[in-house]
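Subject: Two-chain model, handover

Hello,

Please find the structure below. My notes on it come after.

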Amino acid sequence: MKHLQLTHQGAIFTGLFDSLFGGMDGGGKLSPQEAYAGVLMGATACDGHFADDEVNSLVVALARMKLFERMNDKQFGQMLDKLHGVIKKKGVEFLIDGCVEQLPSGLEKTAFTNACDIVLADGVVEDDEKAFIDSLRKRLNIESKTAKVIAEIMVVKNKG
Amino acid sequence: MSVFDDVLGDSDAFSEKSFGPQEGFAGILIAASACDGHTSDEEVRGVMKILGRMNLYSRLSDQNFGSMMDRVLGVLKKGGPEKLIQKSVPSVPPELRETAFVNACDVVLADGVVEDDEKEFIDQMMRQLEIDQDRAKTIIKVMVYKNKG
């Protein structure tokens with residue numbers, strides 16, 4: 001439960017945290033699928049709303065992955081609903097704290113690249129989105145030089 | 001002389017037209033999805049999602065978008081990816097060449113496997129879209145990150 005130390009809530013909210021993430025994978029921890037999807041869901045929601053283009057990019061980005069190939073449509077939908085629920089109740093920061101902790105190792109740059117792609121998908125980058133990407137970079141321990149290269153290529157990808 | 005040649009004379013009203021920027025960009029991505037020998041409906045839908053978010057296509061009605069895609073897919077069906085690339089590359093606006101290349105890499109890498117004909121396609125795209133080799137390497141590296149897992 002190391003992720004609790006990363007939240008601003010403190011240990012007093014342990015029970016609440018458990019009940020929010022509870023039932024996802026027992027013990028209040030997120031599954032690898034939920035952790036990965038949660039990061040991208042955070043990217044979608046970090047400007048305060050779910051833009052159609054961004055949700056589209058989110059679903060495309062997840063659906064192609066082997067990580068999700070064993071989930072059927074119903075399970076996939078339930079997973080997104082749960083993550084959405086956490087965002088609504090506790091906010092994006094809270095979700096990301098839990099997700100980063102449980103993200104499968106080796107997928108940090110993948111999560112970061114796809115988060116950049118989602119944020120850029122509607123053709124506008126708002127201040128909230130810039131702050132989200134900066135904070136995600138730090139939490140995922142991605143060097144700022146690498147992050148710049150990734151962000152720059154994603155900008156090119158989403159031009160036109 | 002065929003009957004049509006007699007009727008149409010030198011008029012080019014019914015001859016094959018060159019691609020505009022919209023067909024050109026779409027053509028690159030459809031060729032990317034077809035370069036391993038087949039294009040699935042799913043791949044075409046994936047390409048349409050990429051195009052759908054672009055301002056380049058925002059003024060097209062659904063019907064016009066559909067007929068634009070028909071023209072692109074028609075060239076693929078008749079002439080294969082080679083012919084489609086040949087027609088598409090010159091009509092991609094210069095400021096969107098890199099964007100076309102990045103998205104073509106994304107399409108090729110999306111299934112997590114890169115076959116030999118896909119590698120060849122990416123090399124060919126790099127040359128034809130005039131992307132610097134080091135730049136292409138950076139782009140491919142980032143698109144590999146994007147398509148992992």
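The notes cover conventions, each chain, and then the contact between the chains.

This is a predicted model, in which local features need pLDDT of at least 70 and side-chain atom pairs count only at pLDDT 80 or more, while totals for chains, interfaces and linings use all residues. Residues are numbered from 1 along each chain as its sequence is written, and chains are lettered from A and ligands numbered from 1 in the order in which they are written.

Chain A has 9 helices and 0 strands; helices (H or I, at least four residues) and strands (E, at least two) are DSSP runs, numbered from the N terminus. Of its 160 residues, 41% are buried, a term that requires 20 or more other C-beta atoms within 10 Å of the residue's own, with C-beta atoms placed from the backbone. For contacts in chain A with a separation of 6 or more, 74% come from residues 24 or more positions apart; a contact requires C-beta atoms, placed from the backbone, within 7 Å.

Chain B has 7 helices and 0 strands. Its C-alpha atoms fill a box of roughly 60 × 30 × 30 Å along the principal axes. Buried residues make up 39% of the 149 in chain B, and the share of contacts from residues 24 or more positions apart, again at a separation of 6 or more, is 78%.

Between the chains, 21 residues of chain B are in contact with 21 residues of chain A. On the chain B side, α3 (41-52), α5 and α7 each give two or more residues. That side has 8 nonpolar, 7 polar and 6 charged residues, where Ala, Val, Leu, Ile, Met, Phe, Trp, Tyr, Cys and Pro count as nonpolar, Asp, Glu, Lys and Arg as charged, and the others, Gly among them, as polar.

The buried residues of α9(A), among them A:Ile150 and A:Met154, pack against α7 (108-120) and α8 (127-139) of chain A and against α5 (97-109) and α7 (133-146) of chain B.

Regards

How values were computed. A residue is buried if 20 or more other C-beta atoms lie within 10 Å of its own, exposed if 12 or fewer, and partly exposed in between; C-beta atoms are placed from the backbone. Two residues are in contact if their C-beta atoms, placed from the backbone, lie within 7 Å.
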